[in-house]
Amino acid sequence: MRKRTLKRGLTGFWWFTLAFLYLPLAVVVLFSFNASNSAATFTGISLRWYGRLMGNEEILSAFANSMILAITSSVIALGIGCLIGYGMYRHRHRKLGWLIVLIYLPIVLPDIVFGISEMAFFVQIHRLTGLLQPGLVTMIIAHVTFQIPFVALIVYSRFVGLDPTLFEAAKDLYASPTKRVVHFMLPTIKPALISAFFLSFTLSVDDFVISFFTAGPESATLPIYIWGAIKKGVSPEINAIATLMIGAVAIAAIISLVFSRRRQA
Amino acid sequence: MAYTGVMPSARSRGMVREARHLLFTVAPGATWIVIFLVLPSAYLMSVAFMTNGSYGLPELPLSLESFRRLAGFGFLGWSPGNLYTLLRSLWQTLVSTGLVVIVAYPIAYYISTCRAKWRPIMLLLVVVPSWTNQVIRTFGWMNLLAPGTPLSELAEALGLISANMGLYPSNFAVTLGLVYNFLPFMVLPLYAAFEKLDTAQVEAAQDLFASPIRAFWHAVFPQTLPGLLAGIVLVAIPAFGMYVIPELLGGGKGMMLGNLVANQFAGGANWPLGAAGAILMLIATFIGLYAMRRIGRRLGGGEEVVI
Amino acid sequence: MNRAIENREGTPMSDTITAEAIESPGTRPAGEATQGEAAREASSIEMRGLHKRFGRDTVALDGVDLTIEAGEFFTLLGPSGCGKTTLLRILAGLEEADDGRLAIGGKDITEVPPHKRSVNTVFQSYALFPHLSVRENLAFGLKMRGLPPEEREARVAKIAEFIKLGDLVDRRVDQLSGGQRQRIALARALVNEPDVLLLDEPLSALDAGLRSQLQVELLRVQKRLGMTFVFVTHDQQEAMVMSDRIAVLNGGVIQQVGPPREVYERPANAFVARFMGHDNLYPVTARQGARLSTPIGELTAENPGEGGLLLIRPETLDLLPGEVAGDNHLPAVVSERLYRGSHAEYRLEIGTSTLQATLNNRGRHLPEVGHRVTVSVAPEDLVTLSE
């Protein structure tokens with residue numbers, strides 16, 4: 001009896017929490033279709049704000065920057081992180097405390113400290129050598145830095161989950177070191193590589209603070225553009241671009257759901 | 001088959017090979033992190049001990065001026081502004097972490113009691129909002145809490161805020177934004193703990209203790225503690241250094257340490273002062289991590305607390 | 001470096017596998033004899049002075065000298081940590097000896113890496129690749145050696161028929177049971193036609209029934225192929241059933257090498273005797289020719305040897321009811337009896353010593369607990385060994 005009321009109460013709380021989680025996003029989506037430019041009252045459906053996006057050079061270039069940044073940094077981080085993950089696995093019986101500290105550092109460092117450290121460093125390097133002018137390159141460097149640990153840990157835990165004699169079986173079955181990488185290791189950790197890439201990509205697109213402090217005047221990404229627009233005064237156009245980004249996330253969520261379903265089957 | 005080799009040759013050859021392998025796999029990433037994170041952070045820390053130059057850039061000589069400024073001593077004598085900011089950061093961290101625990105605990109439990117088929121979808125539903133950009137999520141709350149919106153008018157009607165003020169900008173809005181932002185970070189580790197829950201223990205406890213509250217306290221809660229601690233680390237540390245949410249939802253009176261630090265760099269105002277603030281933030285971070293590890297280890301869940 | 005493999009390219013051994021499997025299971029076709037001899041020579045194993053340490057002070061192998069004949073079913077037997085697995089891994093090339101030499105077929109392969117050795121292993125955990133199908137698992141070694149796809153397929157089909165895998169070949173690895181995995185692992189190693197097959201406790205994860213069934217199957221495969229098998233186990237029963245010869249290891253040192261009967265009936269020392277399951281060991285306190293004094297009494301041995309310990313195998317004992325005087329007769333009291341149907345195991349007390357005896361149940365009198373009996377043993381069944 002008591003159990004059932006508890007369960008019912010929890011179910012109610014669950015739906016309330018879901019509403020809490022999705023309400024802000026729903027409002028953004030709703031107002032992106034608002035006919036008037038009021039942020040408080042909905043006056044009718046229109047697509048005018050989406051129309052405006054298409055003609056906005058700044059937004060298009062911000063989108064391009066976001067994509068270049070996310071893809072380039074994820075690819076670099078995948079390569080470097082994959083190597084570290086394998087190294088950590090292969091040498092897991094050694095004392096690698098210093099390496100663990102180094103790898104957790106980007107994760108535990110507060111965003112803001114991370115961002116301003118990079119900014120201060122890049123500014124001084126640029127002053128001294130003329131290299132590393134703030135822009136896409138510095139942003140990519142910063143993003144790779146915080147992506148590496150995640151890739152390394154995902155790859156590492158995949159290796160740890162494997163039967164260690166598989167490595168020996170590959171050697172035993174005539175696979176040379178190169179062939180072991182191509183025909184055994186890479187295919188075996190492929191799921192981990194895919195999820196590491198998507199996680200890196202998401203982290204990059206999701207990041208604002210670190211991008212904000214390492215960006216140059218020409219390299220604004222979508223979040224930086226939106227930030228600027230909000231600071232200048234709320235415009236309904238932000239709702240439209242934000243809605244598109246929410247849509248992208250929703251699609252990613254559905255894809256990940258389908259994938260996990262298929263893996264279960 | 002006569003063999004007269006020196007014993008260590010094969011051994012040392014193997015060791016050299018292994019060491020080279022370690023270097024080859026680990027060096028690129030380790031070097032990257034050292035050059036692009038350890039060095040910059042070290043530089044930032046050294047900046048805190050320099051003098052503020054004419055363009056907001058650090059200059060020699062070394063001094064502790066920035067820490068004096070951080071404590072509130074300026075040209076015009078002492079002012080409590082920075083101290084308030086610091087206390088507000090601590091307070092917001094405490095309150096929002098507490099609220100996140102209160103919401104996440106039943107949610108994680110609820111998910112673990114649902115049918116196995118639904119659990120991944122439910123977790124996904126909790127996590128998906130955090131996949132959208134922080135700025136957009138916070139912007140959503142700006143839309144919701146602005147003057148003239150239903151929520152603001154409701155608060156007005158209840159007499160919680162004065163007319164036409166809106167719920168944002170305010171400290172309340174910052175707390176709300178923090179809770180919203182970090183909820184998934186708490187639900188995930190707690191859910192993992194609930195999923196591993198040893199139900200035999202719970203049933204034994206129900207036999208032994210008459211009241212369900214005591215059964216919960218003695219059998220369920222201790223088992224979820226590692227997940228709870230992991231969640232607290234994941235929420236409290238980034239909450240303390242939060243920049244975006246107080247900047248957008250807090251206004252002038254909602255500023256937190258992150259904004260104080262950032263402002264010293266954004267406007268070119270005072271690098272050493274900002275760096276001093278960053279050091280403070282780092283100290284708080286490492287104290288938090290250390291405390292959680294200690295507590296976690298004493299409770300026997302030490303390994304799992306390591307995020 | 002893979003002379004044996006290259007030798008066989010002309011008349012691939014896989015042909016003989018199928019020929020044998022189909023035509024005359026159990027007997028060798030006449031035409032194969034000469035080729036069999038060639039294979040024999042190529043696959044003998046010689047180990048000289050192998051040493052291996054782990055870390056500073058864990059000695060895994062302490063000077064192992066061993067010769068394994070071509071075509072032998074050879075077993076490395078010992079308790080865990082005795083070095084048998086290390087020795088097998090050195091044969092496979094998965095571990096490098098600190099010192100010593102290793103040759104297969106007369107060719108020194110001490111420094112040849114594992115992927116260049118014509119040696120394959122059946123691992124204890126089977127180590128089937130989870131990302132590949134069973135068929136791809138079977139073909140993995142052939143693919144790595146660069147065989148063209150048609151030949152790989154033909155060889156996989158032949159081995160599948162030989163091991164009688166049936167439709168297992170088309171399954172996914174995670175759909176296989178333990179016994180099926182074991183057979184796939186065996187087939188995956190055999191398909192490469194190595195000079196030597198290494199088996200690292202391949203049956204230890206299986207339950208008893210399946211285990212004895214696969215023991216028979218494995219033995220049959222080895223006899224048909226005439227391939228050198230090196231088998232690692234800690235189970236002395238299994239070792240005795242399977243092996244042509246057994247090497248008993250302890251503390252990284254070989255204690256005894258010989259055929260199963262010799263190791264069981266004439267163990268070289270107390271360790272081997274105890275490991276083979278013997279408990280009836282008594283110090284020889286004095287001896288006069290063939291007359292030995294022990295704590296359980298005076299006994300005459302036909303050919304006692306020089307050792308200081310007397311071994312009495314339980315199954316050589318006879319129990320006579322009551323007290324019967326005679327040579328090699330000892331009075332005893334039954335303190336425990338385990339009736340096992342086909343036989344009964346006894347614990348007897350002679351003074352303060354105990355003696356184990358096993359009696360076949362031929363329907364005759366089986367003494368009960370508390371009965372006074374006389375233990376009788378033939379002089380030719382008594383041996384001594386050193387501590």
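Residues are numbered from 1 along each chain as its sequence is written, and chains are lettered from A and ligands numbered from 1 in the order in which they are written. Because the model is predicted, local features need pLDDT of at least 70 and side-chain atom pairs count only at pLDDT 80 or more, while totals for chains, interfaces and linings use all residues.

**Whole model**

Begin with everything displayed. The model has an ipTM of 0.89 and a pTM of 0.83.

**Chain A**

Select chain A. An unreviewed UniProt entry places the feature "transmembrane region" at residues 12-33, 59-84, 96-116, 136-160, 181-203 and 238-259 of chain A. UniProt positions are given here in the numbering of this model, feature names are shortened, and annotations may be inferred rather than shown by experiment.

Within chain A, select residues 59-84. This span is 100% helix and 0% strand, with 37 Å between its end C-alpha atoms. Helices (H or I, at least four residues) and strands (E, at least two) are DSSP runs, numbered from the N terminus. Next, select residues 238-259 of chain A: they are also 100% helix and 0% strand, and their end C-alpha atoms are 32 Å apart.

**Where chain A meets chain B**

Now show chains A and B together. The contact takes 63 residues from chain A and 61 residues from chain B. Two residues are in contact if their C-beta atoms, placed from the backbone, lie within 7 Å. Several elements give two or more residues to the chain A side, among them helix 3 (57-90), helix 6 (136-160) and helix 12 (236-264) of chain A. Helix 1 of chain A supplies the largest share, 13 residues. By class, the chain A side has 50 nonpolar, 9 polar and 4 charged residues. Here Ala, Val, Leu, Ile, Met, Phe, Trp, Tyr, Cys and Pro count as nonpolar, Asp, Glu, Lys and Arg as charged, and the others, Gly among them, as polar.

**Chain B**

Of its 307 residues, 43% are buried; a residue is buried if 20 or more other C-beta atoms lie within 10 Å of its own, exposed if 12 or fewer, and partly exposed in between, with C-beta atoms placed from the backbone.

Colour domain 1 (9-42) and domain 2 (80-305) of chain B separately; such bounds come from an automatic or database domain assignment. The centres of the two domains, taken over C-alpha atoms, are separated by 37 Å.

For chain B, the unreviewed UniProt entry lists "transmembrane region" spans that include residues 123-142 and 172-194. Select residues 123-142 of chain B, which are 90% helix and 0% strand, with end C-alpha atoms 26 Å apart. Then select residues 172-194 of chain B, which are 100% helix and 0% strand, with end C-alpha atoms 31 Å apart.

**Chain C**

Select chain C, which has 11 helices and 21 strands. Of its 387 residues, 41% count as buried. The average pLDDT of chain C is 86, and 89% of its residues score at least 70; pLDDT is the predictor's confidence in each residue, from 0 to 100. Over residues 1-36 of chain C, however, the pLDDT is below 50, and this stretch has 42 contacts in the model beyond near neighbours in sequence.

Colour the domains of chain C, domain 1 (3-270) and domain 2 (282-385). Between them, 5 residues of domain 1 are in contact with 4 residues of domain 2.

**Two strand arrangements in chain C**

Two strands pair if DSSP finds at least two bridges between them. Strand 1 (residues 45-54) and strand 2 of chain C are joined by 8 bridges in the antiparallel sense, and Arg53(C) has Val59(C) in strand 2 as its bridge partner.

Finish at strand 3 (residues 73-77) of chain C, where 5 of the 5 residues are buried. Phe73(C), Thr75(C) and Leu77(C) lie on one side, with Phe74(C) and Leu76(C) on the other. Strand 3 runs parallel to strand 8 (residues 228-233) of chain C, joined by 5 bridges, and parallel to strand 9 (residues 245-250) of chain C, joined by 4 bridges. Select Phe74(C) to see both pairings: Val230(C) stands opposite in strand 8, and Arg245(C) stands opposite in strand 9.
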